[in-house]
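I opened this notebook to record what I looked up in one structure. The entries follow the order in which I consulted it.

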Amino acid sequence: HRDLPPATLDHCIAQHTNREPLTCTYGDPLSTRRMVLAGGSHSEHWLAALDTLGKKHGFRLDTYLKVGCPLSDPLAELTEESPTVECDTWSVKVLAELQADPPDYLFTTSTRTKDEGEGPGDFTPFWYVDLWRTLDEYGIPVVAIRDNPWLFHGDMSYRAADCLAGGGNSDSCAVARADALDPVDPAIEASAFSPNVSLIDLSDSLCRPELCRVVEGNVLIYRDENHLTTTYVRTMTPDLEAQLGP
């Protein structure tokens, strides 16, 4: 099953044509303390570690996930002609559920890799900041995690397994850290005026000082061009715990 996150295996991430809020419960389902994991597949791939921490520390983890859709607060009117109508319709419905039943925390991503031609490094899209402000109005604290590096050489993305199968090794198949990540987490500046946002950055668990490799400790880090394997995410559970704890 290509080392996929639990929500994909449980058919609990909305696919491209499904605009309804699809939710499943992980962690400790009986706990009154509740975290929501929201967004697209780059939020989803932290699920295995959060599920483990929820069971260990006694918090419930509810997921609102949709393929290709970071949660957002769309300001424009929803029309079928809009290129983002899929994600926007889903987001509006998810936000309504969050407003009606606010969790203790919402966990989502804080950055993304710059598109080819705009790089190097990563950035925080303005609509992430808009979302944080909306959630602040709802009284929902946010835990926002820096996105993982995406694999690319020049303007070509590549799958980790293909590179390794073609005779590469973890160093030659790596992406330079300076290409994938800014020297300083861009979410720090972006969230400066959002007091409800706490940041997590696990880049040092994914990358060495110069390279973000595709294998560490004989474990494949990436299952494709930009998604983490669930096995590697599980190895990062103690690092996530250390930053999430406070």
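I began with a term: contact means heavy atoms within 4.5 Å. I noted that this is a predicted model, in which local features need pLDDT of at least 70 and side-chain atom pairs count only at pLDDT 80 or more, while totals for chains, interfaces and linings use all residues. Residues are numbered from 1 along each chain as its sequence is written, and side-chain values use heavy atoms, with hydrogens and water left out.

**Entry: Leu-240 and the cores**

I asked which residues Leu-240 is in contact with, leaving aside its neighbours within four places in sequence. I found Ala-49, Leu-50, Leu-53, Phe-107, Ile-145, Ile-200 and Leu-202.

I then looked up the nonpolar cores, each a set of buried Ala, Val, Leu, Ile, Met, Phe, Trp, Tyr and Cys residues joined through side-chain atoms within 4.5 Å. Buried means under 20% relative accessible area, with a 1.4 Å probe and protein chains only. The largest core has 42 residues, and Trp-46, Leu-50, Phe-107, Ile-200, Leu-228, Leu-240 and Leu-244 touch the most other members. Helix H3 gives the largest share of this core, 4 residues. Apart from it lies another core of 20 residues, among them Val-36, Tyr-64, Leu-106 and Val-129. I recall that in soluble globular proteins nonpolar side chains tend to be buried together.

**Entry: the sheet**

Helices (H or I, at least four residues) and strands (E, at least two) are DSSP runs, numbered from the N terminus. Two strands pair if DSSP finds at least two bridges between them. I read an open sheet of 6 strands with mixed pairing, in the order E1-E3-E2-E4-E7-E11. Strands E1 (23–27) and E11 (197–200) each have a single partner strand and stand at the edges, so one side of each lacks a neighbour in the sheet.

I next followed strand E2 (residues 34–39), which runs parallel to strand E3 (residues 60–65) and is joined to E3 by 6 bridges. E2 also pairs with E4 in the parallel sense, over 3 bridges. Leu-37 stands opposite Thr-63 in E3 and opposite Phe-107 in E4. Are the residues of E2 buried or exposed? I found that 6 of its 6 residues are buried. Arg-34, Val-36 and Ala-38 point one way from E2, whereas Met-35, Leu-37 and Gly-39 point the other way.

Angles here run from 0 to 180 degrees between N-to-C directions, with axes fitted to C-alpha atoms, for helices over the stretch in contact. Helix H4 (residues 85–100) lies across E2, E3 and strand E4 (105–109), at about 155 degrees to E3. Helix H11 (residues 237–244) packs on the sheet and touches E2, E4, strand E7 (142–145) and E11; its direction makes about 150 degrees with that of E11.

**Entry: spaces**

On a 1 Å grid over the protein atoms alone, a cavity is a set of points where a 1.4 Å probe fits but cannot get out; lining residues have an atom within 4 Å of a point. Grid points are joined across faces, edges and corners, and a volume is the space filled by probe spheres set on the points. How many cavities of 30 Å³ or more does a search of the whole structure find? I found 1. The largest cavity has a volume of about 40 Å³, and its lining is Pro-70, Leu-71, Thr-108, Thr-109, Tyr-128, Leu-131 and Trp-132. Helix H5 supplies the largest share of that lining, 3 residues.

Notes:
Buried means under 20% relative accessible area, exposed over 50%, partly exposed in between (1.4 Å probe, protein chains only). On a 1 Å grid over the protein atoms alone, a cavity is a set of points where a 1.4 Å probe fits but cannot get out, and a pocket is an open set with protein on both sides within 12 Å along at least five of seven lines; lining residues have an atom within 4 Å of a point.
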